[in-house]
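Please keep the sequence and the model in view while reading.

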2 protein chains.
Amino acid sequence: MLIKKQLLLFFLLAISGIAFADNGYRLWLRYDRINNQQVAGKYNKQIQQLYISGNSATIQKAKQEFTNAIQGLLGKKISIVNKLTTDGTVIAGTVASNKILGALDPKELKNASDEAFYITTMQINNRSCILICGNSDIGVLYGIFHFLRLVNTGQDITKLDILSSPKIKYRLLNHWDNLNRTVERGYAGASIWDWHKLPDYIDQRYIDYARANASIGINGTVLTNVNANATILTRPYLDKVAALANVFRPYGIRVFLTARFSAPIEIGGLKTADPLDAAVQDWWKQKIKEIYSLIPDFGGFLIKANSEGQPGPQDYKRNHAQGANMFADALAPYQGIVLWRAFVYSQQSNDRFKQAYEEFKPLDGQFKPNVILQVKNGPIDFQPREPFSPLFGAMPHTPLAMEFQLTQEYLGQGTHLVFEAPLFKEALNADTYEKGKGSTVAKIVDGTVDNFSLTAMAGVSNIGSDINWTSHPFAQANWYALGRLAWDHNLSSDQIAEEWLEQTFSNDRSFVAVSKSIMLRSRETLVNYMTPLGLAHIMYNGHHYGPMPWGNTLGRPDWNPVYYHKADSAGIGFNRTVTGTNALEEYQQGASSSWADSNKCADEYLLWFHHVSWNHRMHSGKTLWNELCFRYNAGVDSIRKIQQQWNSLERFVDAERFIQVKQLLNIQVKEAVWWRNACLLYFQTFSKMPIPSVYEQPDKTLEYYKSLRFPYAPGN
Amino acid sequence: MLIKKQLLLFFLLAISGIAFADNGYRLWLRYDRINNQQVAGKYNKQIQQLYISGNSATIQKAKQEFTNAIQGLLGKKISIVNKLTTDGTVIAGTVASNKILGALDPKELKNASDEAFYITTMQINNRSCILICGNSDIGVLYGIFHFLRLVNTGQDITKLDILSSPKIKYRLLNHWDNLNRTVERGYAGASIWDWHKLPDYIDQRYIDYARANASIGINGTVLTNVNANATILTRPYLDKVAALANVFRPYGIRVFLTARFSAPIEIGGLKTADPLDAAVQDWWKQKIKEIYSLIPDFGGFLIKANSEGQPGPQDYKRNHAQGANMFADALAPYQGIVLWRAFVYSQQSNDRFKQAYEEFKPLDGQFKPNVILQVKNGPIDFQPREPFSPLFGAMPHTPLAMEFQLTQEYLGQGTHLVFEAPLFKEALNADTYEKGKGSTVAKIVDGTVDNFSLTAMAGVSNIGSDINWTSHPFAQANWYALGRLAWDHNLSSDQIAEEWLEQTFSNDRSFVAVSKSIMLRSRETLVNYMTPLGLAHIMYNGHHYGPMPWGNTLGRPDWNPVYYHKADSAGIGFNRTVTGTNALEEYQQGASSSWADSNKCADEYLLWFHHVSWNHRMHSGKTLWNELCFRYNAGVDSIRKIQQQWNSLERFVDAERFIQVKQLLNIQVKEAVWWRNACLLYFQTFSKMPIPSVYEQPDKTLEYYKSLRFPYAPGN
């Protein structure tokens, strides 16, 4: 009869698990029943009771998450106990809250952050236990999530000894969400913030958003667009923000807002927003006092000033430090911080590449201690590949936050499968040489090079109201990667991909091997069919969807694609050496030397720094033109191969997500061909050379590609 | 052991059914396991095999729906067979496709529509069978859906004898969806049409949308906003439309588009859009030919012309008939139709109420046979209560379509629970007296009064990208009601509410009794706290969210609330009798006579037709002012009672939807109080009378209510 029961079980599981489609809403927290009976059987013995201490809302959430997860994974209701009576007890809490953990008082946690946790296995009173000890209740929650990740990914939990402490203090999402629920550069539907129904209606999504973030260590969220709207600072909206903060608080997530510099005029009735004006300063002090009265753990402000039309201190002949410090002074009494964005390019310069450095380098040391400068990973704007921003390594007296873009503004938007961890890692691993070799961007950002404790990493959110949050099922992995890397930038892309796949799709080794390979190649694939060899910013104006290397009609030169590639009959690329704009001098010598010589510069960065002839000899031995043709075709070939590989995975994936990804890959293949054809045909008008016959030839004319218009491309 | 197995089953069902939240995505097609073992056991015997004939895509969908439903409801994989071998065989098909049904050749279907079906139970070769016979494959699909509805609602299926044939030919949703995915008057997120990803990406939602519509008999959908954009008629967009049409076709759903009258200029390069211009006529002929080459079953155009800034024939001194007939001629060869909207009020008149009649009545008989005039249920604009539009009963030579508004523009928008079937029924049951007593609006619309076969009923969609489609869980019921009433306007609100509740929530009798009572009272409740006694259009300008009876700042008088209520020191209401604008004369005598005398006019319509003094004696014996106070308070009391009742239903409803509705009712109560207070305080400035002390007194001032602003109210 046991066999019959098991068969019945299997049958019912088959119905409830595989037969139904998975809409992707649950992200990496699916907690579906573990199919491998051997694995499940072992876990069943090892996880029998939860002995969790503490009464905070955070501990309640940890308990809830644990019981829901075990119910899902092992199909059993876990007992919550308050003493140790059996093997398989998971003991969770802090040293202060739990007697057993207090007696143990793990030395590992002594010097770790407040948010750190320690997981270990141990015999206590002859019982096999799993201990999850946090330095705080949030640490306990993080530990619970980490433990569940181990189970979700089928790890052996017999012997555990894990100390985990975040390397970055502020691990943030930045939502570019407007109050009317449009999302700038959003490709996943409307904003998840339904401001109109707040504060009274708490969407289940808000709770699941907090769960997902906490599970990967994200501890802050900037709710509003950097192109800011002062209305968010009015009382009715602050009440709405407070309602969200209340939802997020137990999950260790603090809310931040974007502050519109001119708010004192727009909603305060003042005549000026001059940061040195006493009335302006007082207005912000009162406003910030009001915010903290509603949201005691409010995180602070993210501010885009004097950039792309946003007001700022320069409107009053003050500099960025004077602007930032006004906010910093008002926030300091509450331990709030200012994230001041370095994305500026309004001053005259011969190279947009150089402008953030030119504006901010002279201000190094002038910012108050609770200001952190938030710098995009590259000097331009989230291109498929950029060298690291020269501000990293140039601001020893100013904390620098890393800003990555999860939403794929320049990376195929809603329809291309691009795993961004390799891009993030490339930036983080770059060596600035600020204090000699090994001064990587990661070590600037985590504060170790310049000894800062105020550290931050932000990802511009790719989240929207689509059922699966991110539109492309694989885009969830970029949200996941941001959280994991902000916690620990030493994690490899490989490991992040693997654990995400296992939680999100399947533990099956064949599935993981193939799909991980797809993910790890995906970014280089896109670089090849979109902007190989150091090309950049040749997307359409405005919406940035599709190729427009011919674009030269906008008023500012540096808004036009031709500004970036500078193709002419002599060659292609932007000369940023001493014979050009000399942007290279913004880097430390150790960093710039690898790029300075066009014959030694890695192919990937060549056109970022050099204008070279169409016959320039590449490292492959090919001419530049032939290498360009090769790369564009390699990109197309690679995405076609990825498409084939995905199609081979049908048996491992629920029908809904399998078909979604399949359809999206079809679009991606079409668009890769479009990119290749449009770009090669256009650059050919300068190179005057044939596309080598070994490659697929464009099937449409350049005029055709130039004629395409996308008036309603999303996110614009 | 059987008992143990059953226990196990129950346990697993409990896990999979009740423990997990229901996000509402599945609408009324949930197909959750039937908990009542006695009922399930009976169905198990009665439904053992499906013998379905035909090979069309529609039959494939019917098969799929049936097997999925039975899998869900009874937990078993139904066998698909092609002969009759056991009891409990469901035989489905047409007379032509199935031998058994052919031999039976039910006379019931002879005179019924192509879409009709007949369901009967019968012994055939000593086997108990259930026969589902359609006049076409679509009829079979409708029959399958009807049969599943019987099972879903726990009906006894032992003896069935059901002939069902739609009373209306075109049963339509009208989406006011823009190409940028905003939705005019949409309160449920973004548009479900992700135009950017079409035609290559077919969202699962499109399929589920088609299933939901087919299940309630909706057979057409207008994809685009009546405030139209010519871009939808360009080839790239028509390819996207064709992709949707391909998804919908097997479900019997045809796509329609809105045609922008000036499209020949905007996308055709012509200098005019004059409907009598040969080049314009030819442009539309070619465009329509192109559409039908892509979408052979394209339904036709819905056109809003010379209304609220939309271009139209009057721009060229042509009338509506000349405009509509141009499209009709071009569509006729393909059996396409023109739905020409009667919602116009651009001409000068002393009463907006009268304008549609004034413009269209003279054109009666001048429209081509494939034109149908689409008329809103009331003369103004989807108010909580309106008298029926006087065009119904005034156009004996013109087919008239009914346009209802599902989206709750004036009915509390996304947050108020309002079941609209009673509103729809009120309009449909109204007697126009066109051909004497009994010439109800329903009989005008279904063609029986004037003998038209071209008949239509449309609902302005309340569907968006929110996970549960309609934002408010109960708003799903309005979509459902539209479909059911378009199929059969004789269904009662009670029956529609009951079957919707049973499918969407629970069959439990206690639950159904209470929640049905909530639904059936909800519309009158809203009328009372919003616009009692025949008040109308006193919402905020523009977004129409919240009360603004004081509004008098817009350029056109008839855009201002004060135009509609005409409150002054003498009294309140709009005199539409012979001593006023005499709008009443647009009705047949039989209809208008009940409203003409202010002392006999039903309270519900009083202020629609009469300006009466604050001391006017109402049927209750109260003065008008006291009755107004009574009604506003009755509305608030009623929604508070509904709130209590819902809270008593917690044990019957999954946690997610229970909490959603609970939170929304909290908002509704707050807003009902806001409406009552703001309106009574404002009207009190004219009546100069106290709010009787038996009623709750306003806790805020009129100035406070006037100060409220909602810059980002949705749907605007």
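A salt bridge joins the side chains of Asp200(B) and Lys670(A), with 2.8 Å from N to O. The term denotes a side-chain nitrogen of Lys or Arg within 4 Å of a carboxyl oxygen of Asp or Glu. Across the interface of chain A and chain B, two salt bridges are found by this rule. On the side of chain A that touches chain B, the elements giving two or more residues are helix H1 (2-19), helix H6 (204-215) and helix H21 (655-687) of chain A. Helices (H or I, at least four residues) and strands (E, at least two) are DSSP runs, numbered from the N terminus.

This is a predicted model, in which local features need pLDDT of at least 70, side-chain atom pairs count only at pLDDT 80 or more, and totals for chains, interfaces and linings use all residues. Residues are numbered from 1 along each chain as its sequence is written, chains are lettered from A and ligands numbered from 1 in the order in which they are written, and side-chain values use heavy atoms, with hydrogens and water left out.

The contact (heavy atoms within 4.5 Å) takes 45 residues from chain A and 45 residues from chain B. Between the two chains an area of about 3,800 Å² is buried, 64% of it given by carbon and sulfur atoms; buried area is the accessible area (1.4 Å probe) that two parts lose on being put together, summed over both. In chain A, the residues that lose the most area to chain B are His196(A), Tyr201(A) and Tyr712(A), together 18% of what that side buries.

Two strands pair if DSSP finds at least two bridges between them. Strands E1 (residues 49-52) and E3 (residues 89-94) of chain B run parallel and are joined by four bridges; Gln49(B) stands opposite Thr89(B) in E3(B).

Finally, Ser215(B) lies in helix H6 (residues 204-215) of chain B. Ser215(B) counts as buried because its relative accessibility is 4%, where buried means under 20% relative accessible area, exposed over 50%, and partly exposed in between (1.4 Å probe, protein chains only). Leaving aside residues up to four places away in sequence, Ser215(B) touches Trp28(B), Leu29(B), Phe145(B) and Arg149(B).
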